[in-house]
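Take a walk through this model with the viewer open. We start at a loop, move to the strands, and end at the ligands.

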Amino acid sequence: MPERTPFPDLATLDRQVHGCTKCALSATRTKAVPGEGSPTAAIVFIGEGPGYHEDQQGRPFVGPAGHLLDKLLDSIGLKRADVYITNMVKCRPPNNRDPFPGEIQACSGYMDEQLRLIGPKVVVTLGRHSFGKFFPGDTISKARGRPRQWNGWTIFPIYHPAAALHNPGLMPDLQADFQKLAAMLQGPAAEPVKETADQSQQLSLF
Ligand code: URA
Ligand code: SF4
């Protein structure tokens, strides 16, 4: 259904998301959060799912993690309006629990269509959930900061800003990855990275 039907534009997709009942999260949401930003953005950021503030406002990343994201964007001379920001699931999981695999699956057609309509140069996954959609089983702590190819997209995995708020030790890596992102926008997409066996032993972080 929606994942099989191409949307003509982002506004049509947004309307569909606001009325979506494809998974149980529709029953507990206040507002759906389709995403926002430039329809021709070179970067699409993908978070996990709306939290309390996002659910109240119907906008992505407007709480503490969003404020940090704004600062990180500012550090490379970008504003929200220059990029596109969305989430794996468009409705808030109750009490901010992790989205269930079935919910991510039910919602994934919207994200696929957003990427198709926007056509970004780089898809930045924030944290392990959105990274895991593209590369299940790999660990974010080892994968972060290195671009990879997936279905023709350049995926750039980085820590979730909320993880860096919980654990300030992650902040230097997050800041460095934004600098790298800025450099990637200047040049051609980087070569994909080949993982080695020992890299799968790393601790899983947010
Ligand atoms: N965290 C997320 O993953 N997404 C949001 O929109 C806000 C916080
Ligand atoms: Fe629909 Fe996605 Fe919301 Fe589930 S999370 S109701 S699939 S928009």
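Where is Asn-95 found? Asn-95 is in the loop between E3 and helix H5 (101–118). Helices (H or I, at least four residues) and strands (E, at least two) are DSSP runs, numbered from the N terminus.

A word on conventions. This is a predicted model, in which local features need pLDDT of at least 70 and side-chain atom pairs count only at pLDDT 80 or more, while totals for chains, interfaces and linings use all residues. Residues are numbered from 1 along each chain as its sequence is written, chains are lettered from A and ligands numbered from 1 in the order in which they are written, and side-chain values use heavy atoms, with hydrogens and water left out.

Asn-95 has a phi near 55 degrees, a positive value in a residue other than glycine. Asn-95 is exposed, at a relative accessible area of 74%. Here buried means under 20% relative accessible area, exposed over 50%, and partly exposed in between (1.4 Å probe, protein chains only). Asn-96 lies in the loop between E3 and H5 too. Its phi is positive, about 60 degrees, although Asn-96 is not a glycine. Asn-96 counts as partly exposed because its relative accessibility is 43%.

Now turn to strand E2 (residues 43–47). Of its 5 residues, 5 are buried. Both faces are covered. Ile-43, Phe-45 and Gly-47 lie on one side, Val-44 and Ile-46 on the other. E2 has pairing partners; two strands pair if DSSP finds at least two bridges between them. With strand E4 (residues 122–126), E2 pairs in the parallel sense over 4 bridges. In that pairing, Ile-43 stands opposite Val-122. With strand E3 (residues 84–87), E2 also pairs in the parallel sense over 4 bridges. There, Val-44 has Tyr-84 as its bridge partner.

Arg-148 counts as buried because its relative accessible area is 5%. The side chains of Arg-148 and Asp-138 are joined by a polar contact of 2.9 Å. A polar contact is a pair of N or O atoms within 3.5 Å; within protein, one must be able to donate a hydrogen and the other to accept it, and residues adjacent in sequence count only if both atoms are side-chain atoms.

Next, ligand 1. Which residues surround ligand 1? They are Gly-47, Glu-48, Gly-49, Glu-54, Pro-60, Phe-61, Asn-87 and His-160. A residue is near a molecule if one of its heavy atoms lies within 4 Å of it. An oxygen atom of ligand 1 is 2.8 Å from a polar backbone atom of Glu-48. A nitrogen atom of the ligand is 2.8 Å from a side-chain N or O atom of Asn-87. An oxygen atom of ligand 1 is 2.8 Å from a side-chain N or O atom of His-160. The protein covers 90% of the 240 Å² of accessible area that ligand 1 has on its own (Shrake-Rupley method, 1.4 Å probe).

Last, ligand 2. Its surroundings include Cys-20, Cys-23, Cys-91 and Cys-107. Helix H2 (25–28) and H5 are the elements that give two or more residues to this shell. H5 supplies the largest share, 3 residues.
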